[in-house]
Amino acid sequence: MDSKTLKTLEYPKILERLGSYAAFSASAKLSRSLRPTNDLQLALERQQRTSEARRLLSERIDIDIGGAHDIRSLVGRAERGGVLTPQELLEIKITLITARDLARVFSRTTEDYPRLVSLALPLPPPPGLIEAISCVLSEKGEVLDNASRKLASVRKELKRTHERLLGKLERIIHHADTARLLQESIITMRNGRYVVPLRAEHKRRLKSIVQDQSSSGSTLFVEPLEVVELNNSLVELQLTEREEVRRILAELSAQVSEHAGALQAIVRALAALDLAFMCAKYAEHLKAVEPIICPFPRDKSEQPDPILRLQQARHPLLDAEIVVPIDVALKKGAHALVITGPNTGGKTVTLKTVGLLVLMAQSGLHIPAQSGSQSSLFRDVFADIGDEQSIEQSLSTFSGHITNIVRILKRARRNTLVLLDELGAGTDPQEGSALARAILTYLVRRRTPGLVATHYPELKTYAHATQGVMNASVEFDSLSLQPTYHLTVGLPGRSNALAIAQRLGLKQGIIQDAREMIDPNNLRADDLLDEIHQQRERAQSAKIDAEQIRREADVTREELTRRLESIEEERQAVLESARRESMQEIEVVRGELERVRKALKAARKPREDIKPLKQSLSEVEEQVSQPVERVLVSSKEPRPLRVGDRVYLRSLKVDGIVKNISEEELEIRVGKMHVKVEVDEVERAKVDYRKKKEVEEGSGKTSYSTGTFFPSPGLELHLRGMGAEDALSKLENYLDLAYAAGMPFVRIVHGKGTGTLRQVVREELSHSPLIENWEPALEREGGTGVTVAHLKLD
């Protein structure tokens, strides 16, 4: 990309803001080197990587690279034979631990974040290096005593010698004959040796070696001869310790050197991952979206459609609370957009917004615009914006602009984007206007996409009359005399000079004289343009009112739908209650009939008279046992069922998820079971649990429900005393419920008896697709009278 354009469009400021999200120096450096790419696959890869990072950070707030360091210079020094300090080795250890933790995270999410996982492949640390550093250094960076046997022995002896030395000095300074010779009864150090403060006038009364004296000369810091040997021993042991520590650190540094390539790769991977996280965090800050990036067709006579479409685009460096979003589009067949309007109306900001968002999109950054915004993949972006005056090169503003435009025209192609601000300004208006039209014509003939901001009225006419060129304008409020910063594509800007002058109090006579000096055709064009803008504003106002009415109607319709839903639920509850009561009454009547049948049988009387009653009772029971069908209430026509939709199974009275659809039946997953049902046996679930959002009152905490809860049917099923057929039916229903509830095992209590029921139950368990295996219960838990069945787990 053109480096001058990057600076003109303030792309380095974007990188600066992006860099503020860096977790460590390596990723900050990587972000500063980020540049837009004109490679389609790389641009798409970057965008998808940012999207994955945004999704990951929203799901895993504990992801962190904050502990990492850029250890590449340390590794390089180790490669050259240098000995690393304990603190530097700790930095390597912390970086490796961060890499290890991230590697574990991505090892469990290979399918969800494939692009981030590919970046994380080098992260696993070299085996044993973290442990080797941990065995030598404490968390504070101190070399541990057990780093080597020799070090432990030297430090033990050092401690003993130190204690003996201090003990002997304590006895000296507290001895009656010595204490009166000292300035103070303290022990201190000079030149690495322990000494005591002796008054200068008593220097010959204590046999000692002078190591130092006070600034006044009144105190001598002397080493009594009695401790010279111990001091010597202490110094020798300290030197030995220092050499052993250096040897240990040299060994560790050599291990680092052995894995130099892997460590360098780990830092690069951490930096690349952190850059993805930085892009994600910056996108969240901007409330940005992933843009659609399309290539230019290989056929040079073809163009993308659209070349550019930015909806509700905002300049990323301006305050999002006050910036006015703009819609910019270059559709197929339109190569240039001519933007006109008043000064400070937003023409330059429009050019910079478009250019900067294109650069961001090709850098892998999400753009502050509405979802669905689209940009072609430009080979290069060129901008001539701002004052190009140069005192050093003796260039005027006009000369500076033309010099830059000459450079741009030499490199402009059909797949480059050109942004020109105040084209032809800074010279004679007539010549400048002609030059601007000629340059624009050159770009249109070469089919080079471009946006041009200008004040020249001739360019409005040119854009209107020239195929491939469109007018656009930044709006101006003639009442407040302030620009609105809204961009209108399709209409040129109005001339507001006379209106502004009149509102500011310029004499009417002067205004009238000025109007008479203007070409009448221009005045009529301005009046017509003003009328068009007014009609458009009225149409927009009517559209806004209509949208408001539509939204209010939608709210009313939804409210009525909710009320009808509530009424339907109440109706279902009443009917279901009545059905249950009827079933209970039927059971009572059935019991009475059974008692009558037994009484007739005992009395040896004919029982033919009660058979019609039993038949009628069965018919009534069949009618009552039918579940209450739900009347669907919807505010709009439902779409056909799709795989993944949640439905309600009326027969099982549970929700399930559609897994497969054929012409006449559906395959539904209910918990862990898969069942096939006819289409008319299901209805849409009232709530889509995949989208259901429950907000705890008062806390603002949000949680998502992802499936139906199936209650446990209980750990034990009691079948004792039942016939084989009834027992198997009850067992089958029980196993279905237990499997749906996700139970790992169940206990079937069939009793011991003759063993017939036990055999039937175990044969059923052996052939059941829901059972992994079964075994008799322990003696203390029921023995052969109980069978423990282990259900299959997904």
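Helix axes, as the term is used in these legends, are lines fitted to C-alpha atoms over the stretch in contact, with angles taken between N-to-C directions. The model shown is predicted.

**View 1. The crossing of helix H4 and helix H12.** The axes of helix H4, which covers residues 40–59, and helix H12, which covers residues 260–286, come within 8 Å of each other and cross at roughly 75°. Because angles of 65 to 115 degrees count as roughly perpendicular, H4 and H12 are described as roughly perpendicular to each other. On the H4 side, the contact is made by Arg-49, Thr-50, Ala-53, Arg-54, Leu-56 and Leu-57, while H12 contributes Ala-276, Phe-277, Cys-279, Ala-280, Lys-281, Ala-283 and Glu-284. Sorted by class, the residues in this contact of H4 with H12 are 8 nonpolar, 1 polar and 4 charged.

View 2. Lys-13 belongs to helix H2, which runs over residues 11–19, and has a relative accessible area of 43%, so Lys-13 is partly exposed. The side chain of Lys-13 is joined to that of Glu-10 by a polar contact of 3.0 Å. Lys-13 and Pro-316 are 303 residues apart in sequence, and their C-alpha atoms are 9.8 Å apart in space.

**View 3. The protein as the setting for the close-ups.** The secondary structure comprises 22 helices and 25 strands, and 41% of the 794 residues in the protein are buried. Of the contacts between residues at least 6 apart in sequence, 67% join residues at least 24 apart. The protein exposes about 44,500 Å², of which 51% is supplied by carbon and sulfur atoms.

How values were computed
Residues are numbered from 1 along each chain as its sequence is written. This is a predicted model: local features need pLDDT of at least 70, side-chain atom pairs count only at pLDDT 80 or more; totals for chains, interfaces and linings use all residues. Side-chain values use heavy atoms; hydrogens and water are left out. Helices (H or I, at least four residues) and strands (E, at least two) are DSSP runs, numbered from the N terminus. Buried means under 20% relative accessible area, exposed over 50%, partly exposed in between (1.4 Å probe, protein chains only). A polar contact is a pair of N or O atoms within 3.5 Å; within protein, one must be able to donate a hydrogen and the other to accept it, and residues adjacent in sequence count only if both atoms are side-chain atoms. Contact means heavy atoms within 4.5 Å. Accessible areas come from the Shrake-Rupley method with a 1.4 Å probe; for residues, only the protein chains shown count as cover. Axes are lines fitted to C-alpha atoms, for helices over the stretch in contact, and angles run from 0 to 180 degrees between N-to-C directions. Angles under 35 degrees count as roughly parallel, over 145 as roughly antiparallel, 65 to 115 as roughly perpendicular and the rest as oblique. Ala, Val, Leu, Ile, Met, Phe, Trp, Tyr, Cys and Pro count as nonpolar, Asp, Glu, Lys and Arg as charged, and the others, Gly among them, as polar.
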